[in-house]
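Please open the structure in your viewer and keep the selection tool at hand.

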Amino acid sequence: MSAPQFNEGDRGAAAAAPRRALIVRYNASERTNHWLVVIAFMLAALSGLALFHPALFFLSNLLGGGPWTRILHPYLGLTMFLLFLFLASRVARDNRMQPQDWQWLRQYRDVIENREGRLPEVGRYNAGQKLVFYAVVGCLTLLLLTGLVIWRVYSSGYFSVGLMRLASVLHAIAALVLICTIIVHIYAAIWVKGSVRAMTRGTVTPGWAWKHHRAWFREIMSHATNPRSRPD
Amino acid sequence: MALQSLDIVRRSATTTRSPQIRQAPAGGGVAKLIDTTKCIGCKACQVACMEWNDLRDEIGTNTGQYQNPHDLSASSWTLMRFAEVENPKGDLEWLIRKDGCMHCADPGCLKACPSPGAIVQYANGIVDFHEENCIGCGYCVTGCPFDIPRISKKDHKAYKCTLCSDRVAVGLEPACIKACPTGALVFGTKEDMQQHAAERIEDLKSRGFEHAGLYDPAGVQGTHVMYVLHHADQPQLYSDLPQDPHISPTVRLWKGVAKPLGIALMAFTALAGFFHYIRVGPDETDEGDEAAAAAAAAASRGPEKTP
């Protein structure tokens, strides 16, 4: 793993690691944004779960008890939504579904069985990641809207009790879908080795990009010959 | 208002049973009977409630009718609602109903409450809020089919009629009953109240109120506050008393199957990931991939440099 495979002048978008040219996948600002969303999500999800099922009410101690959980949860949700807006605006363009994405999804068995060679070439994000993106966008929007309907302190007074009941159950369902989506998202990062460092260190190895996001890799390489043309 | 002298049989956000070893009280627990046909709207019950519970609501505004305050609040646990109804004969009927918690046998507030022990049901049928455990989320408001609980703007806790659980615990009748000058309010065992109501209804029928009847709605498995109505076939005449109150199916879904199903779904998702890793294993990048990437990079540099 130590043999240099790129010489210094070829890196283009790569980081300045002397032994191997790495490809920058997320810059510091994107990583910060992502992890701020993570922190807000974790706190909002755990405090929400505390109110969802009695068996999980102990989680309310995380934020200092039941009343504090009730007070803070909506602000945490709102914070997560706003932070995610920034993140989404950064990655939305790369998450547009392409024709080959549908083919990728049809071959879900090859995806699950690690037979990536059979799949169509993937751009910056694969179809699974794109679905995660849309699920999070959809769930967070629904959570925000239904959350406003049941936010007792500020806004629930404007809505009828029937709407509050509907909003309560939709809020729970959206949160459930979101949490399951995030479990899949976290597992995918553990499953596909070399992914976590993209979000912690910001870089991936060329081999990782070649294997998992070949179309993106080719795009980087074409820009690498003209380093200033990379969009980010 | 926690009271050790009353046995708790049901407790909010608690999945195991409360102590059940003692026999259920005789006579089906306690009940308040509100005979709307005897009520003169004097509001003595409202005043007695304020006095006993040390409640002083803010002075409101006159809305052009006798109803005062205009609505229930965290500081007004009972309220005479005045409905002016024109009957088919063209006469005016002034239907006055003392509104407040109905103390349902199947309480929607208790079902919806996420905080363990914030809402309890005593063996005698009283549904009580323990404000020290209340987190102020307002789910009880969402769960109630009668629109009773109110969240205080002062302390963000939920309040409603306690059926004077503190008085009942020591063998007294609720304060409102004590104050009623016409006997429109009576208190006793549920069975006694049903019997008393039956006599009243018979009397009303003999005097031309053919639809007189008892309001003890089965949709919430009966209530421990019951009404004698002259028009039991049209409870909505009495300031929108619901015809068939029951816990909303939406609340049942949310607080019923959604809870275990939701937890199971999340656990299943996490387990699916774990066992995928155990069975299929990680997707790793190897030296071959790095070499292929290097070759592709070299090829993309190509012989000619793009501008």
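Predicted model: local features only at pLDDT ≥ 70, side-chain atom pairs only at ≥ 80, totals over all residues.

**Chain A**

Begin by selecting chain A and colouring it by secondary structure, which comes to nine helices and three strands. If you follow the chain from its N terminus, the elements run β-β-α-α-α-α-α-α-α-β-α-α. Of the 232 residues of chain A, 37% count as buried.

**Chain B and its domains**

Next, select residues 8-255 of chain B, which form domain 1, and then residues 258-295, which form domain 2. The centres of domain 1 and domain 2 of chain B, taken over C-alpha atoms, are separated by 54 Å.

**The nonpolar cores**

Which residues touch the most other members of the largest nonpolar core? Select B:Cys113, B:Ile119 and B:Cys140, which hold that place in a core of 100 residues. Helix 1 of chain A, residues 28-52, gives the most to this core, with ten residues. A second, separate core has 18 residues, and A:Ala21, A:Ala198, A:Val204 and A:Phe217 are included in it.

Return now to B:Cys113 and display what surrounds it: leaving aside residues up to four places away in sequence, B:Cys113 touches B:Ser12, B:Ala13, B:Ala118, B:Ile119, B:Tyr139 and B:Cys140.

**Where the chains meet**

Show both chains together and look at their contact, which takes 46 residues from chain B and 49 residues from chain A. On the side of chain B that touches chain A, helix 8 of chain B gives the most, with eleven residues. By class, that side of chain B has 23 nonpolar, 15 polar and eight charged residues.

Now select helix 6 of chain A (residues 161-191) along with helix 8 of chain B (residues 258-279), whose axes come within 10 Å and cross at roughly 10 degrees. Because the angle is under 35 degrees, helix 6 of chain A counts as roughly parallel to helix 8 of chain B. Among the residues that make this contact are A:Leu176, A:Ile183 and A:Trp191 from helix 6 of chain A, and B:Gly262, B:Leu265 and B:Tyr277 from helix 8 of chain B. The residues of this helix contact divide into 14 nonpolar, four polar and no charged.

Select B:Lys153, in the loop between strand 7 (150-151) and strand 8 (158-159) of chain B. Is B:Lys153 buried or exposed? B:Lys153 counts as exposed, because it has 11 C-beta neighbours inside 10 Å.

Go to B:Pro69, in the loop between helix 1 (44-53) and strand 3 (79-86) of chain B, and look at the peptide bond from B:Asn68 to B:Pro69, which is cis, with omega near 0 degrees.

Then select B:Leu163, in the loop between strand 8 and helix 4 (165-169) of chain B, which has a positive phi of about 55 degrees although it is not a glycine. B:Leu163 counts as buried, because it has 29 C-beta neighbours inside 10 Å.

Finish at B:Ser239, in the loop between strand 11 (225-229) and helix 7 of chain B, where phi is positive at about 50 degrees although the residue is not a glycine. With 17 other C-beta atoms within 10 Å, B:Ser239 is partly exposed.

Methods
Residues numbered from 1 in each chain as written. Chains lettered and ligands numbered in written order. Helix = DSSP H or I, 4+ residues; strand = E, 2+ residues; numbered from the N terminus. Buried ≥ 20, exposed ≤ 12 C-beta atoms within 10 Å, placed from the backbone. Domains from an automatic or database assignment. Core = buried A, V, L, I, M, F, W, Y, C linked by C-beta atoms within 7 Å. Contact = placed C-beta atoms within 7 Å. Axes fitted to C-alpha atoms, helices over the stretch in contact; angles between N-to-C directions. Parallel < 35°, antiparallel > 145°, perpendicular 65-115°, else oblique. Nonpolar A, V, L, I, M, F, W, Y, C, P; charged D, E, K, R; others polar.
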